[in-house]
Amino acid sequence: MLLPTVLAADFLQVRPGLIAWTLLTFVLVALVLRWKAWGPILSLVEEREKQIASAIESAKRERAEAEKLLADQKTAIAEARRDAAEMMRKNQQDVEKYREELMAKSRKEAEEFKAQARREIEDQKAKAIAEVRGLAVDLAIEAAGKLISERMDDAKHRALAEQFVKGLPAGGAPSTRA
Amino acid sequence: MRKAMVLFAGLFASSVLAASPPAEGEKEDVPAYILHHVADSPEIEIEIPGSYEHIAIHLPQILIPLKEGACAPQMTDHGETHPGLLAGCLDLSITKHTVMMFLAALLLVGSLLIWSNRDKSKLVPRGVGANLFEMLVVFVRDELAVKNIGKEEAPRYTPYLLTVFFFILFMNMLGLFPWMATATGNVAVTAALALCTFVLTQIAGIRAAGLGGYLAHLTGGVHWLLWPIMIPVEILGLFTKPFALTMRLFANMLAGHIVIFFLLGLIFMMGSAAVGIVAVPFAMGIYFLELFVAFVQAYVFTLLSALFIGMSVAMGHHHDHGHAEEHGHKEGGASHDHGKAHFVGS
């Protein structure tokens, strides 16, 4: 009883009018939404995607850049440290060398000074010896004159005394003997 | 299709019950009531809760005679009827389902105009509505359009797919509100939507492969002696796709509603309020299932539309590599379709 009515039921009828209305509505809705909704929403979404992608891209790039900079800085610091060490080493070397030089110079000067002092001493000594010798000749003549008293003329005595003095050893011999 | 089985089982059971004479006068003819409610009608009946009254809104009848005097009403045993389109009368009457479709369209356009993110300077949507719509839009674009059509061609067809998805979704959902009806539970509506997909699919095919390539594809790429067999098969294949789209959406939406009605109708058929203890939670469960199905069916219709368009678009790309490969692609697509249909049906 029901089955025929089911088969003949209204819901299995395809009404061309409704198809036409549906097509019309659908096309209108599609046009309005395409114009007012899909365009803006999709462009917005695309814009956002683009921005996010570019943001990620730039973040990556900046990160890489920062890493490169960091690496550069690190190498620069290491280089500076190495330079400083090098400089210090060199300075130390210089100072050492300078000290050596200074020492050598002062030693040389001291040597020279000593040699000059010795030379002067020698001179003074030779001079003193000569003086002492002259004095000794005078003393000897005076003593011999007093001893012999007037038996010889002055010229004879003098020649004798000088002969005697010549017989004395020259230079510093008196100091070594005395 | 479990739902269809439930539908038919329900209809058989109801026919048995309806056949038995009513014991009490207040028992109602439940199957007739259900069929009346899911079917299209020229008036909208709004039941008033707590009474037997209802407000009936009669909708305008628009008959456009294509021939002189073709729309003259005829008296038959069903009452006054009008001749069909074949007799030369175009019936553009507004019916319940037409109104529901208009309403869904208005709601869709209105809500999208309100919630499409209109502040161009802000790239991030604000609020639940705008976020929800954008999420669905992005889903349809990425998961349906781009995956099935390909990245280059997808933007061309995305607006159509979006419109189909939201239009069907709104019509499906509208039927879940009290006093409303499901326009997608009408074959004419789903047929019209499938027709749009069909036309667009053919246009996509012609665009991608050229008219020659499109026609060549209809021959199936076999020896010309086999063309008399192949061309009808291919043309039949063309039409089964929109037919499947039509019937799947229509049957799913109709069946769900009939099941809900029938579960609640059990209370009146049994004549006991105690049945409601079982029937109402069941009906509620089916109602939630319907809510899910409203989304799933919109998704499936859109997915299959995208798939068909994708196949047509691929027609152009694969043309140089010969027909065998193309055919393989097509069959792959068809099996994909079958898998989805199975998933939805079970």
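Two residues are taken to be in contact if their C-beta atoms, placed from the backbone, lie within 7 Å. The structure is a predicted model, in which local features need a pLDDT of at least 70 and side-chain atom pairs count only at pLDDT 80 or more, while totals for chains, interfaces and linings use all residues. Residues are numbered from 1 along each chain as its sequence is written, and chains are lettered from A and ligands numbered from 1 in the order in which they are written.

The model scores ipTM 0.76 and pTM 0.69. For pLDDT, the predictor's confidence in each residue on a scale from 0 to 100, the mean of chain A is 84, with 86% of its residues at 70 or more. Chain B averages 78, and 76% of its residues score at least 70. Helices (H or I, at least four residues) and strands (E, at least two) are DSSP runs, numbered from the N terminus. Among the elements of chain B, helix α9 (residues 323-345) has the lowest mean pLDDT (41) and α5(B) the highest (92). Over residues 15-26 of chain B the pLDDT is below 50, and this stretch has twelve contacts in the model beyond near neighbours in sequence. The pLDDT also stays under 50 over residues 319-346 of chain B, for which the model has 23 contacts beyond four places in sequence. Where pLDDT is low, the predicted coordinates should not be read in detail. In chain A, the lowest mean among the elements belongs to helix α4 (residues 173-177), at 48, and the highest to α2(A), at 91.

Chain A comprises four helices and zero strands, in the pattern α-α-α-α along the sequence. Chain B has nine helices and six strands. A residue is classed as buried if 20 or more other C-beta atoms lie within 10 Å of its own, as exposed if 12 or fewer do, and as partly exposed in between, with C-beta atoms placed from the backbone. By this criterion, 9% of the 178 residues of chain A count as buried, and 38% of the 346 residues of chain B do. Among contacts in chain B between residues at least 6 apart in sequence, 66% join residues at least 24 apart.

At the interface, 49 residues of chain B are in contact with 36 residues of chain A. The largest share of the chain B side, nine residues, comes from α3(B). Classification treats Ala, Val, Leu, Ile, Met, Phe, Trp, Tyr, Cys and Pro as nonpolar, Asp, Glu, Lys and Arg as charged, and the others, Gly among them, as polar. On this basis the side of chain B that touches chain A has 32 nonpolar, twelve polar and five charged residues.

Helix α2 (residues 16-148) of chain A and α3(B) pack at an angle of about 0°, with their axes 10 Å apart. Axes are lines fitted to C-alpha atoms, for helices over the stretch in contact, and angles run from 0 to 180 degrees between N-to-C directions. α2(A) and α3(B) are therefore roughly parallel to each other, a class that covers angles under 35 degrees, as against roughly antiparallel over 145, roughly perpendicular from 65 to 115 and oblique for the rest. Residues making this contact include A:V29, A:V32 and A:L33 of α2(A) and B:A105, B:L108 and B:V109 of α3(B). By class, the contact has 13 nonpolar, four polar and one charged residues. B:V109, located in helix α3 of chain B, is partly exposed, with 19 other C-beta atoms within 10 Å. Leaving aside neighbours within four places in sequence, B:V109 is in contact with A:V29, A:V32 and A:L33.

A nonpolar core is a set of buried Ala, Val, Leu, Ile, Met, Phe, Trp, Tyr and Cys residues joined through C-beta atoms within 7 Å. Of the 90 residues in the largest such core, B:A104, B:L161, B:F165, B:F167, B:I168 and B:M171 touch the most other members. α8(B) gives the most to this core, with 19 residues. Not counting residues up to four places away in sequence, B:F167 touches A:F26, A:V29, B:A104, B:A105 and B:L108.

B:I48 lies in the loop between β1 (43-47) and β2 (54-58) of chain B and is exposed, with 9 other C-beta atoms within 10 Å. Beyond neighbours within four places in sequence, B:I48 is in contact with B:E53, B:H54 and B:I55. B:I48 and B:W179 are 131 residues apart in sequence and 9.6 Å apart in space, C-alpha to C-alpha. B:W179 is found in the loop between α5 and α6 of chain B.
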